[in-house]
Amino acid sequence: MKHLRYKTLAGAIQLALLGIPTANAADVDALERRIHELESRLEKFEKATAAAPAPTAAAAPAVNPEVQKLTRKVNTLERKLEVQDEVTASNFTKLPKFDVGTNGFRISSQDGQHELRIRGAVQADGRFFSEDANHLSTDRFELKQGRVWLEGKVFKNIYYKIMPDFAASGNILPDAYLDYAYLPEASLLVGKFKPSLSLERLQGDSDGTFLERAFPTYLASNRDVGIQLHGAFSKSGFTTEVVPGPIDARNTFTYQVGVMNGSGDDGSPNNDSKDTDDNKEFVGRLFAHPFQHTGYSWLEGFGVGVAGTVGDPNAQALKAQATPIGRTTYLDYTKTYGITNQTTKVTTANATPVSNGEQYRLYPQAYWYAGPFGVMAEYAASSQTLSGKNQANNKNINVRQDNTSWQVLASWVVTGEDNSFGAVKPIQNFSPLDGQWGALQFAARWTEMDIDKGTFKILDPSKSASHATAWTLGANWYLNSYALIRADYEQTSFDGGAGSIKNNFWTGGDRATEHVFATRFQLSF
Amino acid sequence: MKIKLRQLLVAGVFAALTAAPAVNAADIKLLNVSYDPTREFYKEYNEAFSKYWKAKTGDNVTINQSHGGGGKQARAVLDGLEADVVTLAIAFDIDQLYQKRKLIPEDWQSQLPNNSSPYTSTIVYVVRKGNPLGIKDWNDLVKPGVSVITPNPKTSGGARWNYVAAWAYALKHNNNSEQAATEFVSKLFKNTAVLDTGARGSTTTFAEREIGDVLITWENEAYLVLKEFGADKYEVVTPSFSVLTEPPVTVVEDVARKHGTLEVATEYLKYLYSKEGQEIIGKNYYRPSDSEVAAKFDKQFPKLELFKIDQLGGWNEVQKKHFADGGVFDQIYGPGK
């Protein structure tokens, strides 16, 4: 207490002195007098305090038993809450995680070993043909895709995908597979999936540059049922990513080898996935990003590879070939050549051919994505034997059909986002009031399909063309990472048939050039 | 120059030879997943074993510890916690590692002496100094108004021992009537103020937060309370009758093989049975299994009648009957009960 008083006094003096820096001598005298006076009073106070009897320690007040009881109760309740918090926190670590946002909709276990991702895609198209005086094509709106699917993993490395398409007819279950990816270097894919052949076919259905893929795609099977061993390797020192499913566009080197039922050019098995013969198709693909992790940023997105199939189908049905964007048939295997009996004047058409015997395909392929620019090129050679029958004389007709096709496409994301084999991710989502417009991509493509001339020993040249060339211009407006509006214009010209048709007879000439403008509104998450 | 080269060569060879052991010394890490109150014991034991192993092999071994309620710890290992060894409170919890994931061999308990239990212990009480409520035995704990602290048998191995000791006491004093025993443990848990998830949590509740009149706990934990919180504040009460606890240990072979630590993990547990290991066990108030060392520490452990879990049919049966979902414990304890 005494110490405190001295401190207070000294502080007061200090304050007083600081407050009068310019004080005169009279003021200083007055202050000194005042200090002496205060000192004298302090001494008297101290003496009086020392003389006074020391206060006795007050007896500790007895704590009320009720208060004690309440204190115990409060302490107990507090502790119970702590324990409950501990239990709750522990339980929370076992609850699944829900994630809804730009990465999609997913539920996963806390340890990350189990995951369910809910995905969906809607593609609403419009196709409008110009210079189509004979109305050979139909202007139309159509629902191209209506898919809701589940994908994810169980027990850390068994991946799955189950994808029905409610807008499809026939094959309403395009993908249903499981992929045991125990090691990134060797995973086993089983079920129904895209065979590892055409690069553009393997690209995600919502990720392509145009509404529809180019000609080479349609010489590969759309889907097939089988088993595939696949794996990936990275440059030394880098981690190899586990990429489940039929396509891996992330790792440095990838391979796929598979055995499939074989579903023919552009074929896709129906839901029961029945095969009609014992012969299987062997599929193999190698693909590399040779400049990945080299530091040459403009070359890192370059990928090159080759794929092929070998099969021996027995009476495999053949699917018609159609133009890329217009989706109008220009090669129809049901429209066979007819021979007219000059006596009876009865025309007997050849039987619809099937693919019989040795079949192979070869697909060199490459892409290059650098900054906003992207290029993709693919060549396809498909060889098979068409077996038909001249029904007039009951003689078999076997024709070796060697079809070839190629395409080159280039694209540019003018708003500066990175171009990629996957979907473009806008830097800014579409929000016009905020001055944000999403991402805009322009693209151009040239693609050709050459059908073996021998085909027309069986097919009617008035109904099918032997060569098609299509060029396409397209624009893609990515509103956000889910929503997209596409607009494509494509012009397809034909050689070698399907020309003038008069009274059901081919009078020569080629099918008229197809002009189509198409749009798509797409939501894919 | 010729001499200089030879000297350099000799020096180089010498340096390589002398450096070789240091270069070859391996740095080994083990994870010991244990139950709640063994923290202090294993801290001391791990240091001793590291020194022993270094002297024996030249290798550096670091043992990381994980502690919690025994049941919870076993579930963590089953869920993927990569323990090289487990040292848990009851054999049932360890057995789950075989039953559910085959992480250990079926005969794990026969791989080390004494059913793989390097020490035993028992269950006693801690009360506040002077024992104001005069608590002496189990029947004192079920009296109205006595506030008991014990962990939750669903998550803690120690709590299951506590429960079993009370149950066996009730059987003994009620002509083996299970109905009477059920009523007894029901009353006991009605008197429980807080159910912590592990034994150490209960110690905190009782000694640090000063909640409750009596703490039912491991013998070693009881003496730790005196040491940590003061013998002037608490005292240990040994009941007339309790359970002989046999906390077992085993190598999680599946994990240890994967880590390449099978040999050191096995030696780590074997060392528990050595004189040095048993000394540390005794110093930490666990009852050594080695008779010579046990005799040395005999005075610190009061005499009482101890029963073995086998008398109740073994842990598998006890677990199924009392602690499985819908078992006796669920019937006597829960919301609204």
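1. What percentage of the 525 residues of chain A count as buried? The share is 33%. Please keep in mind that this is a predicted model, and the values here are computed from it.

2. Staying with chain A, you will find four helices and 25 strands there. If you look at its contacts between residues at least 6 apart in sequence, 65% of them join residues at least 24 apart.

3. Over in chain B, have a look at the open sheet of five strands, ordered β7-β6-β8-β5-β9, where the pairing is mixed. β7 (192–194) and β9 (234–237) of chain B each have a single partner strand and stand at the edges, so each has one side without a neighbour in the sheet.

4. Strand β6 (residues 148–149) of chain B runs parallel to β7(B), and two bridges join them. To find the spot, pick B:Ile149, whose bridge partner in β7(B) is B:Val194.

5. Next, a helix pair in chain B. Helix α9 (residues 199–208) and helix α10 (residues 219–229) of chain B have axes that come within 11 Å and cross at roughly 45°. An angle of that kind is why α9(B) counts as oblique to α10(B). The crossing of the two, α9(B) and α10(B), is right-handed.

6. As for the side chains involved, B:Ala199, B:Thr203 and B:Ala207 of α9(B) meet B:Glu221, B:Val225 and B:Phe229 of α10(B). Sorted by class, this contact of α9(B) with α10(B) has four nonpolar residues, one polar and one charged.

Note on methods. Residues numbered from 1 in each chain as written. Chains lettered and ligands numbered in written order. Predicted model: local features only at pLDDT ≥ 70, side-chain atom pairs only at ≥ 80, totals over all residues. Pairing = 2+ DSSP bridges. Buried ≥ 20, exposed ≤ 12 C-beta atoms within 10 Å, placed from the backbone. Contact = placed C-beta atoms within 7 Å. Axes fitted to C-alpha atoms, helices over the stretch in contact; angles between N-to-C directions. Parallel < 35°, antiparallel > 145°, perpendicular 65-115°, else oblique. Left-handed = near helix turned anticlockwise from the far one by under 90°. Nonpolar A, V, L, I, M, F, W, Y, C, P; charged D, E, K, R; others polar.
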